[in-house]
Amino acid sequence: MQEFKIRTYGRMELAQLYCPELSSSAAYRKVTAWIEFYPGLSEKLAALGHDPRRRSYTPMEVRAIVNALGEP
């Protein structure tokens, strides 16, 4: 298995890494639900400047997600 690298990821790309068995849109909905459910993660992403309409996550946002949810 390849080592996970912190970099810019498209939101569907990152979601597919977490849920490869789902379609990209279903994986994105699931990961978004996890982000909203995890205490403080949505606020942390907002503090980092995340805009929910943007189609990618910056490396800092990816690091916050991985720190909360673990590596995909």
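What volume does the largest pocket have? The largest pocket has a volume of about 220 Å³.

## About the model

This is a predicted model, in which local features need pLDDT of at least 70 and side-chain atom pairs count only at pLDDT 80 or more, while totals for chains, interfaces and linings use all residues. Residues are numbered from 1 along each chain as its sequence is written, and side-chain values use heavy atoms, with hydrogens and water left out.

## The largest pocket

A pocket is an open set of points on a 1 Å grid over the protein atoms alone, where a 1.4 Å probe fits, with protein on both sides within 12 Å along at least five of seven lines; lining residues have an atom within 4 Å of a point. Its volume is the space filled by probe spheres set on the points, which are joined across faces, edges and corners.

Helices α2 (24-37) and α3 (41-47) each supply at least two lining residues (helices are DSSP runs of H or I, at least four residues, numbered from the N terminus). The most comes from α2, with four residues. Among the residues of the lining are Arg11, Tyr28, His50 and Arg54.

Glu61 sits in helix α4 (residues 59-69). At 1% relative accessibility, Glu61 counts as buried (under 20% relative accessible area, with a 1.4 Å probe and protein chains only).

The Glu61 side chain makes a polar contact with the side chain of Arg54 (2.5 Å), a residue that also lines the largest pocket. Such a contact is a pair of N or O atoms within 3.5 Å; within protein, one must be able to donate a hydrogen and the other to accept it, and residues adjacent in sequence count only if both atoms are side-chain atoms. The side chain of Glu61 also reaches the backbone nitrogen of Thr58 at 2.9 Å.

Methods. Buried means under 20% relative accessible area, exposed over 50%, partly exposed in between (1.4 Å probe, protein chains only).
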